[in-house]
Amino acid sequence: MATTLLYVRHAEVFNPESVLYGRLARFGISDYGKYHAERAATYLQDEPIVAFYTSPLLRARQTVRILARRHPGVPIYVRGALAEVRSSWQGTAFRALPEGKTVYETRQHPKDETIEDIWRRMRALALELVERHAGQTVLCVSHGDPIKILTLGFKGRTLDVAAVREPDPARCSVTRFAFAAPDVAPAVTYTDVIGGPDFTRVAALAELPLGSLTRIEHEHREILLARTAEGEVYALSNRCSHMRAHLHEGALDGTIVTCPLHGSQFQATSGALVRGPQCGTHWTANYGQPGRALSPIEGGPLPTFEVRIDGDDVLLRRH
Ligand code: FES
């Protein structure tokens, strides 16, 4: 089974003076950044994350806390290897930096990091995590250049100044490294959670009977397509927010989806939780274990997706 490392760039920083904040303390995320981090948290809430790792810098720790709220009980570890580039230019206003030059071309101090230094520390941690979490999924919050350099390195690119001039990963974006084996280069995919993708075809309308619930996979997620008796199609996460039951095994009544495990109900049009889990033993008859303590989590709304019908094509886009 593949081992998956998800790298999230921290959210937008409150930086009214527009300085290169580097590793300086007290640069936290802005209100807009908090909003974006919540959107990333929604995007990531169905991932089976077993551990969070974060850069020690405030903006990364604030971002990871928002992401981790959707995964109660999952530990958060702080790792210096995920930190921002060490550069003695930190604290300098961007307008005062040498024009057209990267910090790697204008190193002022022997301790200023090189591109190779960053690749070495990021790669070493990634391989350590692949070994420690074999077959699992973990999430790391880091910074623009370190994530970019890790991506370029694992893609086999030459790590030079021309390469690091390529655009940084967007804030709150998710770069996914899937390792089939520790000694094999990972498959790398990138998702700009905030920018959002275009519509993608995911099914044929003819495959969705009226009044049905259908499970599909899209962008590494399980999605429920609910087609009402009237022919409308809605898309939402297929995993119940209570204990992650598969909702396509439940029931559709009008636009209400009922979970097969403990009877939580969700509004298909909005993902809203209409009714929390019903703890009567009859709700566990399908594949639950009567008498076992239920999760104290009440559940919450489910992420939804924008649906467009084009002829016989069902197209999806994240909100
Ligand atoms: S898992 Fe859906 S209500 Fe419990």
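So, which domains is the protein divided into? There's domain 1, running 3–191, and domain 2, running 200–318, with bounds that come from an automatic or database domain assignment. Keep in mind this is a predicted model, where local features need pLDDT of at least 70, side-chain atom pairs count only at pLDDT 80 or more, and totals for chains, interfaces and linings use all residues. Residues are numbered from 1 along each chain as its sequence is written, and side-chain values use heavy atoms, leaving out hydrogens and water.

Okay, the domains. Their centres, taken over C-alpha atoms, are separated by 33 Å. Nine residues from domain 1 and eleven residues from domain 2 make up the contact, and contact here means heavy atoms within 4.5 Å.

Next, the inside. By nonpolar core I mean a set of buried Ala, Val, Leu, Ile, Met, Phe, Trp, Tyr and Cys residues joined through side-chain atoms within 4.5 Å; buried is under 20% relative accessible area, with a 1.4 Å probe and protein chains only. The largest one has 25 residues, and L5 and Y7 have the most contacts inside it. Two or more residues each come from β1 (3–9), β2 (49–54), α3 (115–132), β4 (137–142), α4 (144–154) and β5 (174–179). Those are DSSP runs numbered from the N terminus: helices are H or I, at least four residues, and strands are E, at least two. The top contributor is α3, with eight residues.

Leaving aside residues up to four places away in sequence, L5 touches A126, L129, V130, V138, T175, R176, F177 and F179. There's also a second, separate core of 23 residues, including A11, I49, V74 and I194.

Now, pockets. On a 1 Å grid over the protein atoms alone, a pocket is an open set of points where a 1.4 Å probe fits, with protein on both sides within 12 Å along at least five of seven lines, and lining residues have an atom within 4 Å of a point. Volume is the space filled by probe spheres set on the points, which are joined across faces, edges and corners.

The largest pocket comes out at about 650 Å³. It has 28 lining residues, with L20, F94, V103, D145 and D168 closest to the centre. For that lining, α4 gives the most, three residues.

The second largest pocket is about 520 Å³. Of its 23 lining residues, Q45, R70, P72, S241 and R244 lie nearest the centre. And both domains take part: this lining draws at least three residues from each of domain 1 and domain 2.

Definitions and conventions. Buried means under 20% relative accessible area, exposed over 50%, partly exposed in between (1.4 Å probe, protein chains only).
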